[in-house]
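Here is a short briefing on one protein chain. Keep the sequence and the 3D view side by side as you read.

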Amino acid sequence: TSYIGLSIPLAKNLTPYLALFPLLMSAALGRLLTSALDRKDYDEANRLFNTSLWSSVAILLCLLGPCFWLCFHAGWLFTVPAGKQEEAAWLLLAIVGMFYLTTLGGAFNISCFCQNRLALMNVVNILSTMVRVAVIAVLFALGTPSVLHVGVALFISTGITFLGAFGIWRRLTPMLQLRLSWFDLAVLRQLAGFGIWVVIDSIGTILFLSTDLLVVNRLLGAEATGRFAAIGTWSALLWNFAWVVAGVFAPTMILLYSRKDREGLIDYSRRAARFVGLVMAIPIGLICGMFLLVYYTGSLDWHGIEGLA
């Protein structure tokens, strides 16, 4: 069980680095596609969507070799306990499969963003999470808990997310079609020109948020990584919550920008920033207060922290 607590967050920590490559083609898609659909320029919208999608597919195909090599040579990057190499390989394969489905599903989720129907996307995500928890619970109950069970649950739940994203894309944006002939090199240069700056920004974010677990694993070993990952669950939860809340305002901001409503954009951005700050203050205050309470009552130890997480 302790190895499961170590392996899952450590393996999932790999995906932000892999996601940098397709991000190059998809970073600008939301802004440009929203503007094109708002103008009802469906020809440009199809060229934007298909260029981004097929470029991402090409990048994913190029990553297949390195991903497979890393899955079966996990010890090159991670500190894997003796006798767990095979389990680690299968878990990484499941994580890589999840990454591929998530990346392709993200291309279709763009319809929710452009049409400002993020609630539909979140309904699919909630369903996917419920399925993942149910599959893990059933597999754990049927046999000895294993990281393979978690890997299977992650892959199944991500498959549900992908199918949901594809179905919503067909319903919200029937004007968008899957055609390789819509691929446009001029659009590719346009997307890459903006995407490179987003990738640079994302590298900084990843170095700030996602390298600590790898450093702990390499320097302090597997046991310390498991303990650190338990505490890091709270940080990851808060960051994900902040991204979800802030993401609600992005489509409207893009529309205001595309309409050149500078004053409206500034006013809306200020109100959005205040709202996000107030909303985030509540869970942050509760979590800090909880840990302070546990600390001053004298019951703060590694076992207690892992139990809280």
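Which residues does Thr-173 touch, not counting residues up to four places away in sequence? They are Leu-37, Ser-111 and Gln-115. Keep in mind that this is a predicted model.

**Thr-173**
- Thr-173 sits in the loop between H8 and H9.
- Its relative accessible area is 1%, so Thr-173 counts as buried, a label that requires a value under 20%.
- The side chains of Thr-173 and Ser-111 make a polar contact of 2.7 Å.
- At 2.8 Å, the Thr-173 side chain also reaches the backbone oxygen of Trp-169.
- Phe-108 lies 65 residues from Thr-173 in sequence, and the two are 9.7 Å apart in space, C-alpha to C-alpha.

**Thr-51**
- Thr-51 belongs to helix H5.
- Thr-51 is buried too, because its relative accessible area is 0%.
- Leaving aside neighbours within four places in sequence, Thr-51 is in contact with Trp-182, Phe-183, Asp-184, Val-187, Leu-188 and Leu-191.

**The nonpolar cores**
- The largest nonpolar core has 21 residues, and Leu-33, Leu-48, Phe-49 and Ile-110 touch the most other members.
- At least two residues of this core come from each of these helices: H4 (29-38), H5 (42-71), H6 (85-114), H8 (147-172) and H9 (185-209).
- Ile-110 touches Leu-29, Gly-30, Leu-33 and Phe-49, again not counting residues up to four places away in sequence.
- A second core is separate and holds 14 residues, among them Ala-242, Val-245, Leu-256 and Met-280.

Notes:
Residues numbered from 1 in each chain as written. Predicted model: local features only at pLDDT ≥ 70, side-chain atom pairs only at ≥ 80, totals over all residues. Heavy atoms only, no water. Core = buried A, V, L, I, M, F, W, Y, C linked by side-chain atoms within 4.5 Å. Buried < 20%, exposed > 50% of the residue type's maximum accessible area, 1.4 Å probe, protein only. Helix = DSSP H or I, 4+ residues; strand = E, 2+ residues; numbered from the N terminus. Contact = heavy atoms within 4.5 Å. Polar contact = N/O pair within 3.5 Å; in protein donor to acceptor, adjacent residues only side chain to side chain.
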